[in-house]
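Please look at the sequence and the structure together before reading on.

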Amino acid sequence: MSTSSVSRKQLILEIRGKAKISCDLKRHLSPRTVGTIMRSLPLEGHAHLLGKSILYFESNIDSGIERSKTEFKKGDVAFLPSTGSLCFFLNDAVFTKTMTPIGKLGEKIDALKDVKSGDVLCIYEETA
């Protein structure tokens, strides 16, 4: 049974052929950006690592900055408008560029530590 609601959308972040992690997008964090992402699903791209703290993939989403932050906790999900990237935080981090907070990862976050550059990441709504 899905626990999605108007303010929270439960998605799946899949590391193709390796793991699936639940991912909640939270509309109250950044309503415009989360709405744009939801209308663009499913999204898919090649994984990139930024240091040891950020895993991301680029998308074609064009949305400006909203409720910008530079400090994130392990498990946070953010949107980087300059590249249209969806970013997943593997550890607590302070980033030099401002990002839009959009959600949180569920359990199994440590599966992201096994992701290699070039792995395919896909984010989509779970269908029953």
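**The chain as a whole**

The model discussed here is predicted. The protein chain contains one helix and ten strands. Followed along the sequence, these elements come in the order β-β-α-β-β-β-β-β-β-β-β. A box of roughly 35 × 30 × 25 Å, taken along the principal axes, holds the C-alpha atoms of the protein chain. For 128 residues, a compact globule would have a radius of gyration near 14 Å, and the 13 Å of the protein chain agrees with this.

Of the 128 residues, 48% count as buried. The protein chain exposes about 6800 Å², of which carbon and sulfur atoms supply 51%. Among contacts between residues at least 6 apart in sequence, 63% join residues at least 24 apart.

In soluble globular proteins, nonpolar side chains tend to be buried together. The largest nonpolar core of this chain has 28 residues, of which Ile37, Leu86, Leu105, Leu112 and Ile123 touch the most other members. Elements that give two or more residues to this core include the helix α1 (31-40) and the strands β1 (8-15), β2 (19-26) and β9 (93-105). The greatest share comes from β2, with four residues. Another core, of ten residues, lies apart from it, and Phe72, Ala78, Leu80 and Ala93 are among its members.

Which residues does Leu105 touch, not counting those up to four places away in sequence? They are Leu13, Ile21, Ser22, Cys23, Gly75, Val77, Phe88 and Leu112.

| Residue | Relative accessible area | Class |
|---|---|---|
| Phe95 | 14% | buried |
| Ser68 | 44% | partly exposed |
| Lys108 | 57% | exposed |

Phe95 belongs to strand β9. Its 14% relative accessibility is under the 20% limit, so Phe95 counts as buried. Phe95 and Ser53 are 42 residues apart in sequence, while their C-alpha atoms are 9.6 Å apart in space.

Ser68 is found in the loop between β5 and β6 (69-72). Because its relative accessible area of 44% falls between the limits of 20% and 50%, Ser68 is partly exposed. Leaving aside neighbours within four places in sequence, Ser68 is in contact with Thr98 and Met99. Ser68 and Cys122 are 54 residues apart along the chain, and 24 Å separates their C-alpha atoms.

Lys108 lies in the loop between β9 and β10. Its relative accessible area of 57% is over 50%, and therefore Lys108 is exposed. The phi angle of Lys108 is near 65°, a positive value in a residue other than glycine.

**A cis peptide bond**

Where in the chain is there a cis peptide bond? A bond of this kind joins Leu41 and Pro42, with omega at about -5°. Pro42 is located in the loop between α1 and β3 (43-46).

Technical notes
Residues are numbered from 1 along each chain as its sequence is written. This is a predicted model: local features need pLDDT of at least 70, side-chain atom pairs count only at pLDDT 80 or more; totals for chains, interfaces and linings use all residues. Side-chain values use heavy atoms; hydrogens and water are left out. The radius of gyration is taken over C-alpha atoms; the globule rule is 2.2 Å times the number of residues to the power 0.38. Buried means under 20% relative accessible area, exposed over 50%, partly exposed in between (1.4 Å probe, protein chains only). Contact means heavy atoms within 4.5 Å. Accessible areas come from the Shrake-Rupley method with a 1.4 Å probe; for residues, only the protein chains shown count as cover. A nonpolar core is a set of buried Ala, Val, Leu, Ile, Met, Phe, Trp, Tyr and Cys residues joined through side-chain atoms within 4.5 Å.
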